[in-house]
Amino acid sequence: MTTLAPLKRFRTIGLDDLVARAEMLTRIDRKYLLTQAEAGEFLGRLDPSTEALSVDGSLAAGYETVYFDTSDWTSFHMSAHQRRVRMKVRTRTYVDSGLTFLEVKSGSGVTVKERIPYEGGRDRLTIDARAYLADVAARLGLGRGLAYELFPVIRTTYDRSTLLPPDGAGRVTVDTDLSWRLPDGAALDLPELVIVETKSLSATSATDRLLWRAGHRPVAISKFATGLAALNPDLPRNRWARILRGPFAARNLELSAAA
């Protein structure tokens, strides 16, 4: 994709080195919604000492993520109403390698991510997986029973490029070719938009300030919850109303449903 052409000017870094220097399982996240042209301009302004993750010679990796929730949308409501305690469960597959992890994201303000290698399937939870999730839910004060009510509710796919700024204070991800699918076949595709996310240990990073100077501001967007709100009219939309009226508006999307 031409959006990512500026990445070729950066020195590359391997996955092991990236994880060793900036694993970022506990961090402050900020997301920015850009057009392809804006993303290209942003990447062109980054410090030339920035490093780009390269896996098998590629600067972009395919991701497939399946999110799980309960029949009364417990995880969705935690996000929609900004509950102090949150728990988001997903399987994440790195498409190029086929590796899948079971991940739990929790916390408010500061994101804490826990994950384990997973071979139970991308869209199902094994008995052992549910036992693991029950322990996490109990630790968060949500009750062990939550883990046994989860089922797959939405699938997202996208390509991700990962950058390591020279200040060593965090990392930056750039997601393109964004797509969402519900189990019933309803779909949302946003090929014209890019999500840039900064992940840092401090309140702000040099990358955040670069984006701010270009006129971009953080947006409340969740691939899980915003995607569900866009595709399911029965769910509350207030927290993402501006995005759903703007970049996610029906006139800008390709929405379809299974026949």
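Reply: A term is needed before the totals: a residue is called buried when its relative accessible area is under 20%, exposed when over 50%, and partly exposed in between. Keep in mind that this is a predicted model.

Me: What share of the chain counts as buried?
Reply: Of its 259 residues, 50% count as buried. The accessible surface comes to about 12,100 Å², and carbon and sulfur atoms account for 50% of that.

Me: How many helices and strands are there?
Reply: The chain has seven helices and 12 strands. Taking contacts between residues at least 6 apart in sequence, 67% join residues at least 24 apart.

Me: What is the mean pLDDT, and where is confidence lowest?
Reply: The mean pLDDT is 87, and 90% of the residues reach 70 or more. Confidence is lowest in strand E12, residues 254-256, with a mean of 47, and highest in E4, at 96. The pLDDT is below 50 over residues 251-259, although that stretch has 24 contacts in the model beyond near neighbours in sequence.

Me: On to the inside. Which residues touch the most other members of the largest nonpolar core?
Reply: That core has 30 residues, and those touching the most other members are Phe 76, Ile 154, Trp 180, Phe 224, Leu 228 and Phe 248. Elements that give two or more residues to the core include strand E4 (61-69), helix H3 (74-80), strand E8 (151-164) and helix H6 (223-231).

Me: Which element gives the largest share?
Reply: H6 does, with six residues. The helix is mostly covered, as nine of its nine residues are buried. Among them are Lys 223 and Thr 226, along with Phe 224 and Leu 228.

Me: What is Leu 228 in contact with?
Reply: Leaving aside neighbours within four places in sequence, Leu 228 is in contact with Trp 73, Phe 76, Val 153, Ile 154, Leu 182 and Leu 235.

Me: Changing topic: charges. How many salt bridges does a search of the whole structure find?
Reply: It finds 14. In general, side chains of opposite charge can pair when their charged atoms come close.

Me: Which residue forms a salt bridge with Arg 11?
Reply: Glu 51 does, with the closest N and O atoms 2.2 Å apart. This pair links distant parts of the chain, since Arg 11 is in strand E1 (residues 11-13) and Glu 51 is in strand E3 (residues 51-53), 40 residues apart.

Me: Is Arg 11 buried or exposed, and what about Glu 51?
Reply: Arg 11 is exposed, because its relative accessible area is 55%. Glu 51 is at 5% relative accessibility and therefore counts as buried.

Me: What does the side chain of Lys 31 meet in a salt bridge?
Reply: The side chain of Glu 197, at 3.8 Å from N to O. Glu 197 is in strand E11 and Lys 31 in strand E2 (residues 26-35), so the pair links distant parts of the chain, 166 residues apart. Both residues are buried.

Me: And Glu 103 with Arg 90, where do they lie?
Reply: Their side chains meet in a salt bridge at 2.7 Å, N to O. Glu 103 lies in strand E6 (residues 99-106) and Arg 90 in strand E5 (residues 87-94), so the pair ties together parts that are 13 residues apart in sequence. Glu 103 counts as buried because its relative accessibility is 0%. Arg 90, at 4%, counts as buried too.

Me: Which residues are linked in a network of salt bridges?
Reply: Glu 64, Arg 122, Asp 123 and Arg 155.

Notes:
Residues are numbered from 1 along each chain as its sequence is written. This is a predicted model: local features need pLDDT of at least 70, side-chain atom pairs count only at pLDDT 80 or more; totals for chains, interfaces and linings use all residues. Side-chain values use heavy atoms; hydrogens and water are left out. A nonpolar core is a set of buried Ala, Val, Leu, Ile, Met, Phe, Trp, Tyr and Cys residues joined through side-chain atoms within 4.5 Å. Buried means under 20% relative accessible area, exposed over 50%, partly exposed in between (1.4 Å probe, protein chains only). Helices (H or I, at least four residues) and strands (E, at least two) are DSSP runs, numbered from the N terminus. Contact means heavy atoms within 4.5 Å. Accessible areas come from the Shrake-Rupley method with a 1.4 Å probe; for residues, only the protein chains shown count as cover. pLDDT is the predictor's confidence in each residue, from 0 to 100. A salt bridge is a side-chain nitrogen of Lys or Arg within 4 Å of a carboxyl oxygen of Asp or Glu.
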